[in-house]
Amino acid sequence: MRKIVIAGNWKMFKTQAESQEFLQGFLPTLQETPEEREVVLCVPFTDLSALSMNLHGSLVQLGAQNVHWEESGAYTGEISGPMLTEIGVRYVIVGHSERRQYFGETDTTVNLRLKAAQKYGLTPILCVGETKQQRDAGETELLIMTQLEKDLVDVDQTNLVIAYEPIWAIGTGDTCETKEANRVIGLIRSQLTNPHVPIQYGGSVKPNNIDEIMAQPEIDGALVGGASLEAAGFARIVNYKV
Ligand code: PEP
């Protein structure tokens with residue numbers, strides 16, 4: 001049995017006050033959520049401490065959006081694994097396409113961050129996926145295989161989640177056709193040594209397409225950007241119907 005993991009990625013949205021308002025609307029809706037679904041909120045660093053207290057005892061796990069590979073040091077603007085675990089963070093997104101595109105993240109640094117996350121007891125959510133240009137050029141499979149090969153060197157596959165996020169589907173409303181997402185995720189699984197790694201789909205997941213996405217046999221959850229910012233919408237996603 002593979003675990004189902006539904007994670008929200010708030011990116012650089014929500015002040016502390018806004019995150020509290022979200023929780024007031026969101027937490028009561030979890031009464032309907034089957035216990036076996038892991039619900040994660042990956043929030044800005046400034047929201048982590050307060051959310052950690054508010055989520056204590058709830059079904060929701062706390063996630064960060066980045067982690068550095070060193071335990072501490074002169075790395076202005078970075079955050080370390082022990083700093084995150086100390087305040088109750090359990091998950092961390094690594095290698096999101098926005099980090100790769102805007103902040104110079106490479107497969108080498110992604111690999112270092114993945115190993116550090118695991119070393120300090122966090123579960124990394126590794127993001128992989130192709131651009132529109134790469135898809136149109138028929139390079140999707142090769143690109144993803146290469147990312148996996150480089151990113152996963154010496155990474156423990158027993159404490160890992162992977163998100164297949166076609167870049168052209170992120171924040172565009174242009175969801176990948178569900179059967180195609182299922183196919184690529186099956187391909188990703190075939191490259192892993194551990195077949196039990198949960199593999200999510202990410203890219204314009206919305207309340208109106210989550211049921212169809214989760215009906216696909218290879219898809220074990222979703223990484224949700226924009227639609228995780230609104231409590232009722234994210235609640236509908238988390239409480240998807242089978
Ligand atoms: C994301 O940020 O990982 C993402 C998939 O965003 P969106 O759901 O808005 O496409």
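1. The largest pocket has a volume of about 550 Å³. For the terms: on a 1 Å grid over the protein atoms alone, a pocket is an open set of points where a 1.4 Å probe fits, with protein on both sides within 12 Å along at least five of seven lines, whereas a cavity is a set the probe cannot get out of. Grid points are joined across faces, edges and corners, and the volume is the space filled by probe spheres set on the points.

2. The model is predicted: local features need pLDDT of at least 70, side-chain atom pairs count only at pLDDT 80 or more, and totals for chains, interfaces and linings use all residues. Residues are numbered from 1 along each chain as its sequence is written, and side-chain values use heavy atoms, with hydrogens and water left out.

3. The lining of the largest pocket consists of 20 residues, and Lys11, Met12, Gln65, Arg99 and Phe103 are those nearest its centre. A lining residue has an atom within 4 Å of a point. The elements that supply two or more lining residues are α2 (45-55) and α4 (97-102), with α4 giving the largest share, 3 residues. Helices (H or I, at least four residues) and strands (E, at least two) are DSSP runs, numbered from the N terminus. By class, this lining has 9 nonpolar, 6 polar and 5 charged residues. Ala, Val, Leu, Ile, Met, Phe, Trp, Tyr, Cys and Pro count as nonpolar, Asp, Glu, Lys and Arg as charged, and the others, Gly among them, as polar.

4. The second largest pocket holds about 190 Å³ of space. Its lining is made up of Ser52, Leu55, His56, Gly57, Ser58, Val60, Gln61, Leu62, Gly88 and Arg90. Two or more of these residues come from each of α2 and β3 (60-64), and β3 has the largest share, 3 residues.

5. The ligand has 14 residues around it, of which Lys11, Glu165, Gly171, Ser204 and Gly225 come nearest; a residue is near if one of its heavy atoms lies within 4 Å. The shell comprises 4 nonpolar, 8 polar and 2 charged residues.

6. Lys11 uses a polar side-chain atom, 2.7 Å from a ligand oxygen. Gly171 has a polar backbone atom 2.6 Å from an oxygen atom of the ligand, and for a polar backbone atom of Gly225 the distance is 2.8 Å. The ligand on its own has 290 Å² of accessible area, and the protein covers 98% of that. Areas come from the Shrake-Rupley method with a 1.4 Å probe; for residues, only the protein chains shown count as cover.

7. The UniProt annotation "binding site", from an unreviewed entry, covers Asn9, Trp10, Lys11, Gly171, Ser204, Gly225 and Gly226. These residues span 218 residues in sequence, yet no two of their C-alpha atoms are more than 14.1 Å apart, so they gather at one spot. From this set, Asn9 and Lys11 belong to the lining of the largest pocket. Asn9 lies in strand β1 (residues 4-9). UniProt positions follow the numbering used here, feature names are shortened, and annotations may be inferred rather than shown by experiment.

8. The unreviewed UniProt entry also places "active site" at His96 and Glu165. They are spread over 70 residues of sequence but cluster in space, with a largest C-alpha distance of 8.5 Å. Of these, His96 is included in the lining of the largest pocket; His96 sits in the loop between β4 (89-94) and α4.

9. Backbone angles deserve a check. Most residues other than glycine have a negative phi. Lys11, not a glycine, has a positive phi of about 50°, and Lys14, also not a glycine, has one of about 85°. Lys11 is in the loop between β1 and α1 (16-26), and Lys14 is found in the loop between β1 and α1.

Note on methods: Polar contact = N/O pair within 3.5 Å; in protein donor to acceptor, adjacent residues only side chain to side chain.
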